[in-house]
Protein chains: 4
Amino acid sequence: MGNTFGQLFRVTTFGESHGGGIGVVIDGCPPKISISKAEIQHELDRRRPGQSKITTQRKEEDECEILSGVFAGKTLGTPIAILVRNKDARPEDYSEIATKFRPSHADYTYEAKYGIRNWQGGGRASARETIGRVAAGAVAKKILSILYSELEIVAYVAQIHEIVAKINRSIVKAKDVERNIVRCPEGVAAKRMMSLIEHVREEGNSVGGVIECVIRGIAAGLGEPVFDKLDADLAKAMLSIPATKGFEIGSGFGATRMRGSEHNDPFEMRGGKIRTATNNSGGVQGGISNGEEIYFRVGFKPTATIAHEQKTVTASQEQTKLAARGRHDPCVLPRAVPIVEAMAAIVLCDHALRQKAIGLLG
Amino acid sequence: MGNTFGQLFRVTTFGESHGGGIGVVIDGCPPKISISKAEIQHELDRRRPGQSKITTQRKEEDECEILSGVFAGKTLGTPIAILVRNKDARPEDYSEIATKFRPSHADYTYEAKYGIRNWQGGGRASARETIGRVAAGAVAKKILSILYSELEIVAYVAQIHEIVAKINRSIVKAKDVERNIVRCPEGVAAKRMMSLIEHVREEGNSVGGVIECVIRGIAAGLGEPVFDKLDADLAKAMLSIPATKGFEIGSGFGATRMRGSEHNDPFEMRGGKIRTATNNSGGVQGGISNGEEIYFRVGFKPTATIAHEQKTVTASQEQTKLAARGRHDPCVLPRAVPIVEAMAAIVLCDHALRQKAIGLLG
Amino acid sequence: MGNTFGQLFRVTTFGESHGGGIGVVIDGCPPKISISKAEIQHELDRRRPGQSKITTQRKEEDECEILSGVFAGKTLGTPIAILVRNKDARPEDYSEIATKFRPSHADYTYEAKYGIRNWQGGGRASARETIGRVAAGAVAKKILSILYSELEIVAYVAQIHEIVAKINRSIVKAKDVERNIVRCPEGVAAKRMMSLIEHVREEGNSVGGVIECVIRGIAAGLGEPVFDKLDADLAKAMLSIPATKGFEIGSGFGATRMRGSEHNDPFEMRGGKIRTATNNSGGVQGGISNGEEIYFRVGFKPTATIAHEQKTVTASQEQTKLAARGRHDPCVLPRAVPIVEAMAAIVLCDHALRQKAIGLLG
Amino acid sequence: MGNTFGQLFRVTTFGESHGGGIGVVIDGCPPKISISKAEIQHELDRRRPGQSKITTQRKEEDECEILSGVFAGKTLGTPIAILVRNKDARPEDYSEIATKFRPSHADYTYEAKYGIRNWQGGGRASARETIGRVAAGAVAKKILSILYSELEIVAYVAQIHEIVAKINRSIVKAKDVERNIVRCPEGVAAKRMMSLIEHVREEGNSVGGVIECVIRGIAAGLGEPVFDKLDADLAKAMLSIPATKGFEIGSGFGATRMRGSEHNDPFEMRGGKIRTATNNSGGVQGGISNGEEIYFRVGFKPTATIAHEQKTVTASQEQTKLAARGRHDPCVLPRAVPIVEAMAAIVLCDHALRQKAIGLLG
């Protein structure tokens with residue numbers, strides 16, 4: 001019962017990695033928004049396996065179908081259901097994991113929770129599930145683009161393993177990110193990251209890293225204290241993405257080593273508007289956007305699927321060993337960039353609608 | 001519309017720092033749980049201002065009253081309302097902030113969102129709001145103690161500014177935490193932290209740090225993928241606490257610099273049970289608890305209220321300066337320890353009830 | 001876990017008939033709405049026991065206190081908590097029902113559900129719980145009055161037992177209803193109803209009846225198909241009021257005996273607007289308001305508490321007899337009129353905010 | 001944003017009458033429940049158009065596909081998505097209603113709410129939407145059959161226009177209902193109803209009626225006061241079904257003409273259990289089931305689509321006339337019987353899981 005996200009812009013995903021398909025139902029999308037299959041497909045293609053030499057070589061076309069909620073190119077205000085069929089199933093790739101729990105995967109915990117699991121390719125715990133999120137994110141972006149004409153949501157790879165890119169966060173544009181297959185806007189670091197990922201793949205190993213996301217052009221006033229604070233909802237959204245281990249907004253954990261006098265963001269008048277002189281707050285204060293750039297970082301662990309032989313146990317509680325076969329991402333971050341953007345867009349869209357509901361009355 | 005947390009164990013808080021009082025309504029508490037005012041008061045006293053020389057010297061007794069939902073010492077299954085009256089109001093302390101936005105507080109964002117704010121002492125954005133959370137956490141702990149007789153939820157201060165305590169996470173007990181007023185279980189670090197906090201107070205400045213929380217004795221199977229993952233809900237819970245900037249579970253951001261072969265937690269049989277040999281996962285895999293210790297870290301920024309003179313603007317958009325007066329915490333972490341525990345307990349309790357709902361059927 | 005109503009205008013009530021008090025937390029109220037304690041008290045006084053000779057003679061002042069969410073006479077956008085203390089408790093009146101289940105009350109079902117109950121005066125199942133609803137309804141009415149300047153929500157007693165008032169629904173005004181203590185706008189019927197109620201009280205018996213509610217001046221477009229249809233939410237709201245047994249909107253059960261050609265409401269242009277020539281739909285079509293008068297009827301059973309001796313069983317499963325003592329309403333309808341209005345206002349307010357959220361975008 | 005029903009057993013439907021298809025996502029279904037496509041199809045076939053000579057002669061096979069959530073015949077605990085493709089589209093049948101508002105349909109209100117509508121065949125307001133409900137109801141019935149082995153949910157046509165069947169509610173079985181195409185268990189009335197429906201069809205007219213539903217074998221204790229009372233949720237569920245105008249439980253509106261001494265249901269010991277001697281309560285007291293038979297009645301209006309020429313207006317606000325063409329149900333009740341059962345099952349299943357969550361703790 002945890003497959004819906006959002007209060008007003010409500011996203012419900014469904015589907016296992018194997019079976020009829022993966023999809024999403026979006027309830028609460030305002031009517032009369034232009035949206036095309038191509039716009040959704042564009043985002044799905046950024047997430048798609050096999051898109052470059054550093055991602056998994058599984059061939060999944062992930063072509064989407066809009067089942068409902070759109071008529072003559074415009075949203076109806078009714079639920080938008082989007083379906084992507086599953087293909088390229090090779091159940092034989094998975095026969096071993098029918099009985100063995102893959103370390104640091106969700107095989108064991110799904111078994112512990114449900115007493116049953118679809119062991120084909122990870123089932124519901126597969127990152128394939130994020131197709132629904134990315135499709136919903138494409139719709140959220142369209143809505144936001146109407147509400148905030150200057151809005152930019154730009155995520156990028158900021159770090160892979162020990163390689164930390166030098167990035168001026170405030171000037172990165174979406175096109176800078178798409179310039180290379182690792183989705184790191186700094187060219188030198190990007191090259192080193194690509195080499196490392198290819199190297200790690202050859203080792204049969206994997207690496208993690210950090211995705212940073214910056215949001216520009218959002219209004220002040222989004223976020224619903226005290227629990228549905230904008231940063232709290234972003235944190236939940238990000239930690240719900242597979243393989244994430246941490247979230248920090250603005251100064252983040254760096255703030256823990258600062259004094260208040262260094263950390264506080266003084267207010268000033270700039271361009272006729274109330275602005276902060278610095279932005280350690282990361283664009284959110286008291287759980288509400290203050291109109292400055294929102295930025296946050298998401299930590300991803302190395303992919304759990306590795307070719308190395310690992311100790312594990314079987315469902316019948318016997319010690320055994322396991323080595324992954326098949327085609328996997330040695331590093332999920334390049335493909336996770338559109339997922340981070342999608343979840344950020346979903347959170348913002350939900351909060352934008354919530355703010356509309358209470359605005360301009362008194 | 002963001003003042004309720006939880007799906008089945010639903011916590012709704014209300015109240016500003018000034019006005020009639022602060023409180024909470026807990027809906028969904030199972031019936032026939034023994035709970036006393038003293039148990040709730042015990043947790044509130046750990047959060048209370050003025051409890052030690054390193055916290056604010058404001059005198060707030062924060063005495064709670066159970067208004068409903070408990071009869072003859074037992075819960076009725078009906079909503080439990082708990083009220084703490086506001087006292088010690090000194091509106092004159094706040095007259096300046098009626099017109100000036102305090103840097104890195106929520107004054108400006110509340111104004112931007114609502115077009116109105118209770119400027120007395122921070123209003124709804126005051127940390128005083130967490131009284132309701134702590135009271136609800138006390139109830140959650142009681143329920144959890146029935147469901148999981150071995151359960152321990154222990155939070156403690158792990159770092160203040162640059163002072164990092166050396167703590168063996170797996171052996172810290174609640175009583176170790178309460179041994180000193182800074183709530184750091186390592187004595188040497190605790191002393192240094194106390195000195196620093198006192199020093200910083202004299203400077204009129206503030207510091208942040210890290211609270212770590214460890215949960216032992218929880219069953220495998222809690223967490224509701226794909227959005228209401230246990231770690232995602234913990235992340236949201238923690239980021240909804242005032243002054244927090246980051247959350248990491250298990251290996252956290254450290255995972256970003258590891259290879260999969262180092263990071264994966266091999267399964268093994270131990271004590272007749274399926275266990276992991278290491279615990280980089282932090283007790284959660286695929287968003288579901290695996291029965292190992294759950295541990296996570298929460299980063300707090302330095303208190304925004306400082307005595308230093310700061311640049312800011314007025315509500316009428318004029319540049320001005322502001323220096324805090326009155327009695328404030330130079331470091332919120334010691335008092336935030338019970339808040340972190342409370343929010344963790346609320347998340348676990350909610351997920352425990354959710355798991356009960358679907359269990360043992362098929 | 002069923003004590004919250006509404007999606008955006010969220011009303012959570014708490015409290016038993018005995019104990020600290022009864023109250024409500026309203027989350028999602030827009031900011032800057034003027035609201036005074038007097039406005040809330042006015043509605044509570046219409047619901048109050050002892051207000052006239054035909055209601056129960058229990059003396060309950062039911063004075064409310066606004067604990068939070070209002071500052072200087074205006075809503076803050078934060079949760080509005082309202083508390084009414086319990087008084088006039090005579091636990092000795094209830095000692096018998098500690099062990100005996102009152103027929104057609106909730107004593108037995110609460111015991112079956114929760115395994116515990118507050119037997120003093122009905123506990124949570126007491127109609128005293130509706131205090132929270134009426135207080136929230138007063139706030140909802142204020143919001144609605146800003147959104148729809150012509151709005152009128154008028155409920156009245158249309159039938160008591162066999163006495164059916166002759167009422168021209170479309171011209172009844174609030175003041176017509178308050179003209180007599182039975183709250184029936186037709187004077188002749190009202191007198192007969194009062195006589196009947198007094199007679200029934202002397203018999204130690206009780207009667208039921210029908211409350212009709214008419215809503216004028218609401219916009220077209222409220223209601224959220226397919227489940228949160230306006231009529232569906234009104235039905236739930238009404239059936240959640242104690243002692244209700246039925247709900248019908250527009251033509252209601254009368255429609256079951258009509259042909260489509262008689263029942264359909266032809267559209268026509270009238271006063272430059274699209275209107276229906278007839279209004280069998282009751283102002284709602286496809287679950288969405290069409291701008292016509294909304295009207296519905298709510299059936300109330302006779303009060304379960306009667307002075308007659310009745311057969312029943314004890315909690316320890318022995319046959320016994322029971323006759324109510326104390327002061328009770330022989331007919332709940334006059335006091336239920338403001339409750340029906342309050343629940344209608346809450347439903348409309350919630351849907352008005354929901355519609356605001358999606359409006360004016362495409 | 002109103003397309004989800006239920007708190008723990010959450011049903012989200014999607015789809016317009018024309019477009020890719022109609023479907024449902026069920027979140028919160030417990031794992032390891034056996035469910036087959038055939039079981040779902042069986043219920044869909046009872047709802048299907050063209051199933052008998054008294055229903056619409058549109059040929060819709062309505063074959064379902066389970067897209068997710070079921071593996072090797074058992075539920076996984078993950079979302080169950082079920083899709084029925086749209087076929088037999090004849091957009092030319094609908095060209096006229098692209099511009100003309102059909103009286104007592106939702107054409108005008110959808111336009112007023114959303115500013116756009118899929119005018120092909122009613123779009124989202126088409127009763128075709130109920131396919132998703134019926135599919136979800138089939139799953140709910142399976143879960144309930146495990147929880148309550150004696151459970152029976154039997155709905156039937158009790159009245160068509162002026163023809164009222166004489167039915168002993170307590171002995172009607174499912175097979176009695178399916179014995180004739182009108183789904184009325186009393187043979188003589190059923191024949192008269194069939195004649196009337198055929199006659200009305202020839203007239204180009206339509207009729208309404210009453211569906212009664214009886215639930216046997218449910219435990220005491222289901223229902224969540226004060227808002228999510230079992231009868232309140234049933235009322236909402238029923239009023240959310242297209243063409244419904246009223247709901248009454250137990251004695252219903254009949255109660256309004258009774259005295260308390262007649263209406264109260266005395267408790268007695270019977271068969272070693274606490275029972276009520278009569279059942280005016282309809283199996284629900286204080287919003288909670290008492291273990292007796294639950295029964296309620298739902299009033300349906302005559303189908304709005306009739307062949308008679310009717311006055312109406314166009315979207316551009318001009319007076320015009322309209323007569324339905326094409327193939328329609330002259331009476332929706334026979335096909336609505338499985339829909340009423342499905343919604344009843346969904347409500348009961350949701351409340352059963354909610355009760356499991358809080359049970360057996362204290």
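## Sheet and helices of chain A

In chain A, strands β3 (residues 21–27) and β7 (residues 80–85) pair in the antiparallel sense over six bridges. Pairing requires at least two DSSP bridges between two strands. Gly21(A) stands opposite Arg85(A) in β7(A). The model is predicted: local features need pLDDT of at least 70, side-chain atom pairs count only at pLDDT 80 or more, and totals for chains, interfaces and linings use all residues. Residues are numbered from 1 along each chain as its sequence is written, and chains are lettered from A and ligands numbered from 1 in the order in which they are written.

The open sheet has five strands, ordered β1-β2-β3-β7-β4 (chain A), with antiparallel pairing. Its edge strands are β1 (4–5) and β4 (64–66) of chain A. Strands are DSSP E runs of at least two residues; helices are H or I runs of at least four, and both are numbered from the N terminus.

Helix α1 (residues 37–47) of chain A lies across β4 and β7 of chain A, at about 150° to β4(A). Angles run from 0 to 180 degrees between N-to-C directions, with axes fitted to C-alpha atoms, for helices over the stretch in contact.

## Contact between the chains

Chain A and chain B each give 89 residues to the contact. Contact means C-beta atoms, placed from the backbone, within 7 Å. Helix α6 (residues 230–239) of chain B gives the most to its side, with six residues.

Strands β11 (residues 244–249) of chains A and B pair in the antiparallel sense over three bridges. Gly246(B) is the bridge partner of Glu248(A).

Key
Two residues are in contact if their C-beta atoms, placed from the backbone, lie within 7 Å.
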